[in-house]
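Hi everyone, thanks for coming. I'd like to walk you through a structure this morning, so please have a look at it while I talk.

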Amino acid sequence: MLFNSFEFIIFLPLVFIFYWFFFNRGIKTQNLFVLVVSYIFYGWWDWRFLSLIAFSSLIDFIVAINIEKTSSQKTKKIFLTLSLITNLGFLVFFKYYNFFVESLSIALEQIGISIDTFTLNIVLPVGISFYTFQTISYTIDVYRKRLKPTKNIINFFAFVSFFPQLVAGPIERATNLLPQFEKKRFFSYQYASEGMRQILWGLFKKIVIADNCAKYVNQVFNNYEIYDGGSLIIAAILFAFQIYGDFSGYSDIAIGTSKLFGFRLMKNFNFPYFSRDISEFWRRWHISLSTWFKDYLYIPLGGSKNGKLKAIRNTFIIFTVSGFWHGANWTFIAWGIFNGIYYLPLLLANKNRKNIDIIAHNKFLPSLKEIISIIVTFFLTVLGWVFFRSNTLSDAFLFILNIFKRFEFSVPKIFPLKMFLFVFLLISIEWIQRQKEHGLDISDRPIIIRWLIYMVITFITILFNSPNKYDFIYFQF
Amino acid sequence: MKKFIINIIVFTLLLFGIDSLFIIPMNKLPELQYDKRLELLFTNKLNFDAYIYGSSRASRDIIPKQIQESLNITCFNLGFLGSNIEFHTFLLHETLKKKQKPKLVFLTLDDKIIQYNDRLGFRMDKLYPLVKYDHINEIINKKEGKSTLLSRILYSYRIKENFPGNFRKNKPHKLDSIFEFGSQTVSFRNKKFKDTIYVDREQSYLKDEENSILIDSLKSFINLCNTNKINLILVYPPEFKAKNEAFLKRIKLLTKDIPIFIYKDRLEYKNPNYFSDVAHLNKKGAMIFTNELIQFVQSKLVK
């Protein structure tokens, strides 16, 4: 069920009431209840894939215990490899089988070899890219002795399947989330109120920003050949806000929902479009994924410790794999590589850790230099998003080419003023709140102002609810 | 926990309280529309012997007052710019909900009547301002995939499609003005039409572009007339180009015994002075065409 669906509006309060009033006797009942509702939540999509997540969880539960039990380094490695092969095997099969088969066939055809391909009608299990990475990080952390494996199967299964973050992240680390399952949760008014505010903000971003942008984005991207350059630019910019509203909106709802049950998840977006360079953007966008790749791929490859060439190689590997993680299409790989290319100059000049403070800290407006940096960084990401959104590489290149070829010095055919106002509202609120956890983190404001803001945001969300319903974009990953 | 639950209850009460204020603009919406035809239809205030359905080719090319005076029957035009056969069928269905059913119905034919195209559609925008009526609300919910329950408990959700544009008093556009008995004839000529030349070549029609939903709608329209024993006349008004014989052949096959009035070949229909644009007659042209239509009806009635 979607977070912005009627079923979830019924599901969440029921789960909340049962959790705090009937299943609050101890950790065991709390965690068992979380596990059951998480499986109900996941099974709502497709009950057939419950066995997959259960099997994945069971393998990693057993593997982690055995890694700790054995003293032989070789045996530890074998168990870890078993976990990696199982999890990545499922991921590769469900997500990439057809892509590899078709790509191989095309590649062989280029050299005159024709083969019979056998593609399968595979349904991608929702959330597989997320929970797979979550469980892999658990077994690796146990292997690295960063974490002791849990002996409580309920706790572990609940950690893997925890419903707010199961299908689209944040990709939680066991070091953060698993210990929370090993302590009884107590209701906190402040925490729950924070959660409600964050859910409201997430719904605003998804329903008002993302779904309304989607209408124009789909219209233009699906027929880019007929639109003028100005409309193409506008559609690309709107996509940047669609994907931000969609994905960060989902994360906010996930984090806010978790707070209602006494859990703290990691921050996944930190106002990325205020970044002054690409490296800062990647410290603020989909933080759980980028830190995952840093900790479990970049650093094991040597990171930046073994010279510039190795650092460049490792950087490109990370960005390419990150692109590939998003989907079985060359466009995602191209998007990843593009971001790697953007990152390269900063890496070579040792400026990739330059902007680590909060922009315009303790000032109301940024400096002119900062504004220019923000705009340049934003447009670089927009260019990358064209690849992310396009169906094929040639579509992406033609889209960009048409921006210049078909540019007219007149009002673009697609000029949704209403969307610009919404985006301006979003940017304004997030700019004011950039030092806070999210746009509606207003617990320090007077009560009347807070309630007025809640009402305004709620009514805007109801009134400008898009007539077309769109799945969360990251569900397809 | 107590404080949290109290806050949720207070928030919910406040939400519904503020939401109830939206009932005022909801009730005001129909008054702001200059085209009141649909409201008259849905509130059973239309009681005519004959109705004209179709797109702008119905509303601009056929003059109901002329039909009234010549045939001695009351007549009303329910043609809507840019509307498709699905919409016409819906309007006919609404018309037939009344106790007194019409005796005669005209349906104009566009070349694209059973082909999907972006010029013709189901005019949801005409229904939105009438959302205060429950059955219109249900239709909108069904068509737009909205939650019926939410639309019943939240007025703001119910009227959201009207934000913000429909809350200004609508002024009639020169191409969408309403005259007597629903007529929308225009007397001026479109600027772009000035240099257009009459197209005398054979028009094409591709069966592959047909849309099954639109074909079903056309069949439903015909069935509704048959079931209710209403005389139906299909009308093919002139355009500033040759007749699409391939389309007419196809329509005759689909509609079988239903009388089709096809405009006669006259010099006026090749003269731009009788057209407002390539697809529509102006008032002068509409008077000539309506007269021909009346003669056709009279000949049918005599038979």
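Predicted model: local features only at pLDDT ≥ 70, side-chain atom pairs only at ≥ 80, totals over all residues.

Now, is I427(A) buried, partly exposed or exposed? With a relative accessible area of 34%, I427(A) counts as partly exposed, because that value falls between the 20% limit for buried and the 50% limit for exposed. Leaving aside residues up to four places away in sequence, I427(A) touches F241(A) and F274(A). I128(A) is another matter: 299 residues separate I427(A) and I128(A) along the chain, and their C-alpha atoms are 32 Å apart.

Let's turn to the aromatic rings. Over all chains, the count of aromatic pairs comes to 99. One of them joins Y19(A) and W20(A) edge-to-face, with 4.8 Å from centre to centre and 85° between the planes. Y19(A) and W20(A) are both buried.

In chain A, the charged end of K413(A) sits over the ring of Y227(A), 5.2 Å from the ring centre. In chain B, the charged end of K143(B) sits over the ring of F122(B), and there the distance to the centre is 4.2 Å.

That brings me to chain B as a whole. Chain B contains 13 helices and seven strands, and its C-alpha trace spans about 80 × 45 × 40 Å along the principal axes. How many of its residues count as buried? Of the 303 residues in chain B, 53% do. Among the contacts in chain B with a separation of 6 or more, 79% are between residues 24 or more positions apart.

And finally, the surface and the charges. Chain B has an accessible surface of about 15100 Å², and carbon and sulfur atoms account for 55% of that. Chain B carries 50 positive and 33 negative side chains, with the centres of the two sets 4 Å apart.

Conventions. Residues numbered from 1 in each chain as written. Chains lettered and ligands numbered in written order. Heavy atoms only, no water. Helix = DSSP H or I, 4+ residues; strand = E, 2+ residues; numbered from the N terminus. Buried < 20%, exposed > 50% of the residue type's maximum accessible area, 1.4 Å probe, protein only. Contact = heavy atoms within 4.5 Å. Areas by Shrake-Rupley, 256 points an atom, 1.4 Å probe, with all protein chains shown as cover. Lys, Arg positive; Asp, Glu negative; His and termini not counted. Charge placed at Lys NZ, Arg CZ, Asp CG, Glu CD. Phe/Tyr/Trp six-rings, centres within 6.5 Å; stacked < 30°, edge-to-face > 60°. Lys NZ or Arg CZ within 6 Å of the ring centre and 35° of its normal.
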